[in-house]
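Trainee: Please take one part of this entry and go through it closely. I would like to follow how its pieces are arranged.

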Amino acid sequence: MKKIAIYGKGGIGKSTTVSNLAVGLAEKGYKVMQIGCDPKADSTILLRHGKDLQTVLDLTRQKGNDMSLTDMTVEGFAGVVCVEAGGPAPGLGCAGRGIIAALNKLEEKGAYETYQPDIVFYDVLGDVVCGGFSMPMRKGYADQVYVLTSGENMAIHAAANIGLAVENFKNRGYARLGGLILNRRNVKNEQAKVEELADDLKTVIVGSLDHSQLVTDAEELQCTVMEAFPDSAMAQEYRALADAIARQCGLED
Amino acid sequence: MKRVSTVISTYTADVSGVCSALFELGGMVVMHDPSGCNSTYNTHDEPRWYDQDSLIFISGLTQMDAIMGNDEKLIRDVARAARDLKPAFIALVRTPVPLMAGTDFFAVADLIREETGLPTWYFPTTGMASYVSGAGMAFETVAREMILPAASDKEKLPDHKDSSGKIGINLLGATPLDLSVKGTLESVIHFLRENEMEVLCSLGMDSPALTGDLADQLERAHRADVNLVLSETGLPAAKLLEQELGIPYVVGLPVSEFGEDLIDAIRTACAGKENVIACREDPQPAGEGEPSEKKKLVVIGETVYAQSLLQSLKNRRDLNVEAICPLSLRPELLGSRSLSIRSEEEIQAEVADADIVVADPMYRPICPKECLFIPVPHEAFSGRTFRRDLPDLVTCNIFQKHFPGNYCDSQTQVIE
């Protein structure tokens with residue numbers, strides 16, 4: 001089982017990318033689990049076509065320990081197992097602590113043993129804002145971290161911060177940086193800026209995704225590009241990214 | 001409101017349980033906490049505090065440390081103290097503050113281990129569970145980290161068992177929280193010795209009655225024929241040693257007349273290599289000649305002690321006996337006359353029709369006024385409040401005064 005955490009600036013397209021990537025890997029025959037680590041609980045929405053999924057923390061609040069693993073999972077498109085950690089209402093509580101509690105609960109309920117996924121994605125909110133949001137990269141969770149970025153300055157700044165956090169945690173046995181994923185926004189010198197960032201972080205760009213209207217169109221249809229437009233060039237880009245990630249994390253040679 | 005206690009006390013928490021189990025083992029125990037957990041421990045839960053040295057520390061976690069995630073300070077302080085004090089191991093104990101802050105203790109323990117080169121263990125206590133859970137995980141870790149390695153070192157393995165033919169026994173689950181320091185442990189050791197058995201190791205609580213210090217005892221513990229579990233805190237370690245070394249375990253405290261049965265149980269376990277939960281046997285199986293009217297006797301207390309005490313009453317057919325085990329974590333230890341109920345409300349309801357109640361004095365207010373209340377203080381419930389009245393649980397026949405006759409011999413004491 002390979003565990004991967006995806007970080008990046010808020011709004012950069014992490015959930016969309018992870019969902020398409022999950023389908024790409026599922027198409028290759030892998031069992032994939034996608035865990036949304038964001039109080040908004042919308043990471044897997046494109047995989048489940050709007051079908052309801054109660055978050056782990058909502059279930060914990062309502063039922064305590066009297067819940068089963070199936071209460072907190074939904075099988076999404078291409079058999080991807082969908083989970084949403086959830087969190088407090090905006091402005092209340094502690095979302096980071098919520099991520100810790102939710103991931104502990106999933107482990108306690110035997111999620112990994114039961115579904116035996118080949119690959120688990122932790123789709124993590126924004127930047128590493130506190131200890132709770134570094135939970136997916138702690139020992140025993142993700143093996144690798146990938147950072148999604150565009151060439152926009154704020155996205156690069158966030159990616160650099162995440163890269164530094166990973167570096168700071170390396171003596172703790174945390175996840176290592178697997179690479180950057182370039183999600184193009186067509187800004188000036190985009191490729192060069194992200195290559196420079198990769199050099200600074202001593203890592204690689206594992207894949208690039210073009211800015212495509214099809215992504216928005218698929219979202220309108222409440223599904224992934226892989227499902228709505230499987231023969232499109234954009235879908236091919238996601239497949240290429242899936243191949244690269246599978247190689248990079250050791251699933252394939 | 002079921003979990004609210006408005007009248008009775010609460011049991012010692014898991015943080016103190018870890019400290020109590022590790023107190024005499026030569027390690028450095030660090031409660032990661034602002035302060036508070038330490039004073040509860042040394043003021044109420046640890047009778048050895050003023051008489052014996054031990055490296056028990058509080059980290060002095062501050063608000064800013066919690067906000068800034070300043071784990072480095074903890075790591076630095078622990079490493080520096082360890083360099084000066086040279087403990088045998090380091091134990092990090094979680095308390096509610098770092099629990100809420102989500103501190104990554106696994107990583108902190110790894111870094112301290114790397115920095116000091118010392119075995120470093122982390123205990124995921126919450127401050128909200130009882131000492132049975134905390135001491136249980138501490139004893140299990142000591143068994144894994146200090147007994148198993150000695151067993152795997154082939155040079156230290158004896159070629160044969162004790163040539164005297166005595167049954168070698170480890171005592172598991174001894175802490176002052178259950179046994180206090182009023183001679184119970186020594187009485188257990190003497191009682192076993194009188195029955196041609198030899199105690200090799202008393203895990204966590206040393207005794208002048210034993211040869212060698214605790215390090216020596218841990219070194220030879222793997223040679224035991226049987227592990228005797230004196231309280232529920234010893235069960236996880238017993239299970240581990242059974243699984244890894246094939247040593248069977250017996251559960252029970254040799255309280256008064258139950259001692260003879262316990263000796264039989266140890267011999268059975270030793271001969272058949274099977275575990276015996278002696279304290280959970282039905283003390284009063286249905287039989288002929290039952291009296292038409294029976295008095296209800298309820299014992300409230302630690303799972304092994306309360307049930308062992310019931311066993312000592314097995315000949316009293318005029319009593320309807322029952323144990324309430326508020327600390328019970330493992331149903332497998334409970335007999336048919338035992339209840340695992342925790343709340344003040346439930347316990348009060350259960351004893352409402354009792355004629356006789358045996359319990360810590362702090363249970364008295366929720367027991368019927370007209371019942372005969374026999375006080376047996378329990379350090380983990382009332383702390384030092386009644387420490388001077390604590391009996392030797394093994395030799396003191398608490399029923400003698402109330403049921404004279406066939407319940408004590410000339411060696412026993414009587415609680416007044």
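Mentor: In this predicted model, H2(A) and H3(A) are roughly perpendicular to each other, because their axes cross at roughly 80°. Angles under 35 degrees count as roughly parallel, over 145 as roughly antiparallel, 65 to 115 as roughly perpendicular and the rest as oblique. Helix H2 covers residues 56-63 of chain A and helix H3 residues 95-108, and the axes come within 9 Å. Helices are DSSP runs (H or I, at least four residues), numbered from the N terminus; an axis is a line fitted to C-alpha atoms over the stretch in contact, with angles from 0 to 180 degrees between N-to-C directions.

From H2(A), the contact uses A:Val56, A:Leu57 and A:Thr60; H3(A) supplies A:Gly98, A:Ala101, A:Ala102, A:Lys105 and A:Leu106. Contact means C-beta atoms, placed from the backbone, within 7 Å. These residues divide into 5 nonpolar, 2 polar and 1 charged. Ala, Val, Leu, Ile, Met, Phe, Trp, Tyr, Cys and Pro count as nonpolar, Asp, Glu, Lys and Arg as charged, and the others, including Gly, as polar.

Chain A also touches chain B: 10 residues of chain A are in contact with 9 of chain B. The chain A side has 1 nonpolar, 5 polar and 4 charged residues.

Two notes on reading this. Residues are numbered from 1 along each chain as its sequence is written, and chains are lettered from A and ligands numbered from 1 in the order in which they are written. Local features need pLDDT of at least 70 and side-chain atom pairs count only at pLDDT 80 or more, while totals for chains, interfaces and linings use all residues.

Note on methods: Contact = placed C-beta atoms within 7 Å. Helix = DSSP H or I, 4+ residues; strand = E, 2+ residues; numbered from the N terminus.
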